[in-house]
Amino acid sequence: MHRQSVLDFSTTGRGTRNITDAVARVVTDSGIGTGIVHVFVQHTSCSLIITENADPDVRRDLETIAGRLAPDGDPAYRHDLEGPDDMAAHARSVLTDTGLSVPVGGGRMLLGTWQGIFLWEHRTEPQHRRVVVTVLGV
């Protein structure tokens, strides 16, 4: 069996947005008891992560680390057509990932107690993002 849904999200600019509940609804609605859910964002300047869902300082610190690894406006960047955050956003997306998978058991995602799925926006301005959720199993 399989089920695929496309979820739309608006971001407020750079930062993380918890999408765990939206993905969990797709899993529940699929009727699949055992399998896997794959989550994929259809953009090149944001990413998906599984990280701490309780303490927002973790996500703030991840933003600090990303800023050190891929700073906005680096003069070495050639791709800056959409502003100083353009290439940095692409680099941050590559350093993280645009897709992730989570096992499904008992009709729900088998995330750990402190894990959540987050859409990580790397652009500084608000964006519209599409996320494809595919559930496979029995």
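In which order do the three strands of the open sheet stand? The order is β2-β7-β4, with antiparallel pairing. A second open sheet has five strands in the order β1-β8-β3-β5-β6, also paired antiparallel. This is a predicted model, in which local features need pLDDT of at least 70 and side-chain atom pairs count only at pLDDT 80 or more, while totals for chains, interfaces and linings use all residues. Residues are numbered from 1 along each chain as its sequence is written, and side-chain values use heavy atoms, without hydrogens or water.

**Terms for strands and helices**

- Helices (H or I, at least four residues) and strands (E, at least two) are DSSP runs, numbered from the N terminus.
- Two strands pair if DSSP finds at least two bridges between them.

- β2 (15-18) and β4 (46-52) are the edge strands, and each pairs on one side only.
- From one strand to the next, the twist averages 35°.
- Angles run from 0 to 180 degrees between N-to-C directions; axes are lines fitted to C-alpha atoms, for helices over the stretch in contact.
- Seven bridges join β4 to strand β7 (residues 115-121) in the antiparallel sense.
- I49 has F118 of β7 opposite.
- Helix α2 (residues 56-69) packs on this sheet and touches β2, β4 and β7.
- The direction of α2 makes about 135° with that of β4.
- Contact here means heavy atoms within 4.5 Å.

- The edges are β1 (2-10) and β6 (108-109). Each has a single partner strand, so one side of each is left without a neighbour in the sheet.
- Strand β3 (residues 35-41) pairs with strand β5 (residues 99-105) over six bridges, in the antiparallel sense.
- F40 has G99 in β5 as its bridge partner.
- β5 also joins β6, through two bridges, and this pair runs antiparallel.
- V104 stands opposite M109 in β6.
- The hairpin of β5 and β6 has two residues between the strands, and G106 takes a positive phi near 60° there.
- Helix α1 (residues 20-30) lies across β1, β3, β5, β6 and β8 (128-137). It runs at about 155° to β1.

**Buried and exposed parts**

- Buried means under 20% relative accessible area, exposed means over 50%, and partly exposed is in between (1.4 Å probe, protein chains only).
- β5 is mostly covered, with five of its seven residues buried.
- In helix α3 (residues 86-95), the buried residues are D86, A88, A89, H90, R92 and S93.
- The cover over these buried residues of α3 includes β4 and α2.
- S93 has a relative accessible area of 5%, so it counts as buried.
- Apart from neighbours within four places in sequence, S93 is in contact with T44, S45, C46, S47, T98 and H122.
- L69 lies in helix α2. It counts as exposed because its relative accessibility is 59%.
- I65, L69 and L95 form a nonpolar surface patch with about 310 Å² of accessible area together.
- Patches are made of residues with over 30% relative accessible area and no salt bridge; like charges are joined within 9 Å, and nonpolar side chains (Val, Leu, Ile, Met, Phe, Trp, Tyr) within 5 Å.
- Accessible areas come from the Shrake-Rupley method with a 1.4 Å probe; for residues, only the protein chains shown count as cover.

**Salt bridges**

- A salt bridge is a side-chain nitrogen of Lys or Arg within 4 Å of a carboxyl oxygen of Asp or Glu.
- The count comes to nine salt bridges by this rule.
- D72 pairs with R14 in a salt bridge, with the closest N and O atoms 2.8 Å apart.
- This pair links distant parts of the chain, 58 residues apart: D72 is in the loop between α2 and α3, and R14 is in the loop between β1 and β2.
- D72 is partly exposed at 33% relative accessible area, and R14 is partly exposed at 25%.
- D57 and R60 meet in a salt bridge at 2.2 Å, N to O. They are three residues apart in helix α2, so about one helical turn separates them.
- R123 and D85 form a salt bridge at 3.0 Å, N to O.
- R123 lies in the loop between β7 and β8, and D85 in the loop between α2 and α3, so the pair ties together parts 38 residues apart in sequence.
- R123 is buried, with a relative accessible area of 8%, and D85 is buried, with 6%.
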